[in-house]
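I opened my notebook to look up a few places in this model.

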Amino acid sequence: MIAPGLISDSIPPLHLEDSGEHALITMQEYNVSQLPVLDGNKYAGLITIDEILHQKHLSHTIKSFQLPVRKPFVLDTAHLFDVMKAALDFNVRVVPVVDEDSKFLGLISAESCLRGFATLNSVKEIGAIIELETEQADYSLSEIARIAEENSANILCFYTNVRHRDGIVEITLKFNTTEVSAMVAAFERYDYEVKAIYNDAEYTEELKDRYDGLMRYLNV
């Protein structure tokens, strides 16, 4: 999933010639606290609502504010994970997308990023989720995939986290089936510790409800 496919077309950028008052009105209208500022069609930096509110004369242009330049962005070739990394590294809820010539292409909001992440990770697909643990030295993706396939299951989503303090790999798997008892037994035979299993329809609906609720919250 590449950055241009995540762009929120509904949120406009600001321009250096816009006034602070116009910037505040735009942020309030689109319920954002940060917006990119353009110099012509080039990305000049990101401005926050707090930076605007600290100005004495909101009728003046953004260019006259002489704000510190913060330029979080991703290129138009960036993957969704690169977008998420940029958002975390710069502590922003909107990520501008530019081309190699710094031409502004659009803005990725927290909502569109989360929607992309949910699609990428099959959040709304029905299927069991299993959490495993194993020693880092014993970790094998090919073995995990083989065990799943031998038990008539396909892995829809796969995540790992290494606990460096004790050399344990935490593994989260989502499958295309809720029938996982035989597969769980197989994982245990191969010395994987099964930490949790979520596989009933009620849990799947709860996960969907939480996702939909988060989407509604981001739209408030």
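**Entry 1: Glu51.** I found Glu51 in helix α2. The model is predicted, and I keep that in mind. Is Glu51 buried or exposed? Its relative accessibility is 17%. Buried means under 20%, so Glu51 counts as buried. Next I looked at its contacts. Leaving aside neighbours within four places in sequence, Glu51 is in contact with Leu46, Leu67 and Pro68. One of its polar atoms lies 3.0 Å from the backbone nitrogen of Thr48.

**Entry 2: helix α1.** Which residues of α1 are buried? I listed Gly20, Ala23, Leu24, Thr26 and Met27. They cover an arc of only 165 degrees around the axis, so they sit on the same side of α1. I then asked what this buried side packs against. The buried residues of α1 pack against β1 (14–15), β2, β3 and α2 (49–53). On the face turned away, I found the exposed residues Gln28 and Glu29. Asn31 follows α1, and its phi is positive, near 55 degrees.

**Entry 3: the cores.** I looked up the largest nonpolar core and found 34 residues. Leu14, Ile62, Val74, Val83 and Ile108 touch the most other members. Several elements each supply at least two residues of this core, among them α1 (20–29), β2 (34–39), β3 (42–48) and α3 (80–90). Not counting residues up to four places away in sequence, Val83 touches Ala3, Leu6, Val74, Val95, Ile108 and Cys113. I also noted a second, separate core of 18 residues, including Ile144, Val169, Ile171 and Val180.

Notes. Residues are numbered from 1 along each chain as its sequence is written. This is a predicted model: local features need pLDDT of at least 70, side-chain atom pairs count only at pLDDT 80 or more; totals for chains, interfaces and linings use all residues. Side-chain values use heavy atoms; hydrogens and water are left out. A nonpolar core is a set of buried Ala, Val, Leu, Ile, Met, Phe, Trp, Tyr and Cys residues joined through side-chain atoms within 4.5 Å. Buried means under 20% relative accessible area, exposed over 50%, partly exposed in between (1.4 Å probe, protein chains only). Helices (H or I, at least four residues) and strands (E, at least two) are DSSP runs, numbered from the N terminus. Contact means heavy atoms within 4.5 Å. The arc is that of the directions from the helix axis to the C-beta atoms. A polar contact is a pair of N or O atoms within 3.5 Å; within protein, one must be able to donate a hydrogen and the other to accept it, and residues adjacent in sequence count only if both atoms are side-chain atoms.
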